[in-house]
Amino acid sequence: MKDFDKEIKKLSKEFQVPETYYEKVDEILENIQVDTVSTPRRKPFVKVAIIMAVFCVVITGCLFFSSADVAKASFLGTFKQTILDFLGMGEEEAQEMGISSDKREEVSKPDLLFELQEVIMDSQNIYAVVKITAPANLEFEKNMTFDYFGFCEGSNYNSSKLVSGPKECTLLEVMEGKKNVATYVVAISTDKQVKEGKEVTVFFKDLIEGPPRNIPQVLIEGMWNLTFTASKYDNEKNVTVKGTEEMNYTMLGREITIKKVKLLPLGLTVVSDMSNIPLDTLHVSDTRITVRLKMIDGSEKIVDSPDPDVKTLTSGSSVSEYQKGGKILHKYVCQFDKAIDINQVLGIYIEDCYIPIKEYE
């Protein structure tokens, strides 16, 4: 076997390739038609990915340059045209197909700065004095107020912990020389006493321009909170008088019995039994009453009066109706525009009924 291998190798070395072999190979190579191999087409998702990448670049660029004054084309306009191009249609064609695009240019409304200046409160009334600074282009006026305001317990606005009772928000003054700075007073007279040491939040929502309308003009949108701690009450600085059968006055020709009177430095509450007046008459009648304070120095201070021309101590008042023990009761609650020293009060006139305070200390 080894001798055979050696013979094969010897023959391979001595073997001569004819010249006609090379000529034949060259002829075959010249006649061969080489097919051009096409480049594989990219799959559709690759194209979509590239387009989306371009979108991202366009969006980023628009957002970056939108704050510059030279950028006159809005982002929404650019984005809209890009989308139509991507869909392979023009604007008219898009409309014919029922595809709409609404270009808008929105400017965010400026914000307000709130600063709590002072809180005055007793067991029934809360006054919060708040300084508000608006952008320089806004000037405060008397007809400006807030669409929603009030107090709630806790460190933030919580609709489930609202402090109920009549409330008002009044523009106290506008800073001289700075019309965009004003002081507001938010006041509430509540049946529910806020516990001492508890956190209380005064809140405001949407600055609007009055007078109140069905659709008020919103000047600045937003919700603002200010938190404070309920102060310690001086229980000696309030007087509560329980009514008797002798404490009554006349209204609409009927006898009205006073059930309770509560006098505080910041307000007054009077609960009256209106059961003697028929409901159909009561609900269509004027039930406002005249209330006066008799002072130690002999003077009188008018707390409230149905006469709009009479100057009174009351900055705000309300009357609520409820039933208890089969009787119809009216609760009159008012707030004073200035605190009074109840130690200087001898008694209270409710219509023609006089209630001496000193006897019930």
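**Entry 1: strand S12**

I began with Leu293, which stands opposite Ile348 in S16. This is a predicted model, where local features need pLDDT of at least 70, side-chain atom pairs count only at pLDDT 80 or more, and totals for chains, interfaces and linings use all residues. Residues are numbered from 1 along each chain as its sequence is written, and side-chain values use heavy atoms, with hydrogens and water left out.

I looked up how S12 and S16 (residues 345-350) run, and found them antiparallel, joined by five bridges. Strands here are DSSP runs of E, at least two residues long, numbered from the N terminus. Two strands pair if DSSP finds at least two bridges between them.

Next I turned to the other partner, S13 (residues 300-304), which pairs with S12 in the antiparallel sense over four bridges. Arg292 has Ile302 in S13 as its bridge partner. The hairpin of S12 and S13 has four residues between the strands, and Gly298 there takes a positive phi near 95 degrees.

Which residues of S12 (residues 291-295) are on the covered face? I noted Val291, Leu293 and Met295 there, with Arg292 and Lys294 on the uncovered face.

**Entry 2: Gln124**

I found Gln124 in the loop between S1 and S2. Is Gln124 buried or exposed? It is buried, with a relative accessible area of 6%. Buried means under 20% relative accessible area, exposed over 50%, and partly exposed in between (1.4 Å probe, protein chains only).

I checked contacts next (heavy atoms within 4.5 Å). Leaving aside neighbours within four places in sequence, Gln124 touches several residues, including Ile188, Leu264, Thr269 and Cys334. The side chains of Gln124 and Thr269 also make a polar contact at 2.7 Å. A polar contact is a pair of N or O atoms within 3.5 Å; within protein, one must be able to donate a hydrogen and the other to accept it, and residues adjacent in sequence count only if both atoms are side-chain atoms.

**Entry 3: two positive phi values**

I looked at Asp206, in strand S6 (residues 199-209). Its phi is near 60 degrees, a positive value in a residue other than glycine. Asp206 is buried, at 9% relative accessible area.

I then looked at Glu351, in the loop between S16 and strand S17 (353-356). Glu351 is not a glycine either, yet has a positive phi of about 55 degrees. How accessible is Glu351? I noted 26% relative accessibility, which counts as partly exposed.
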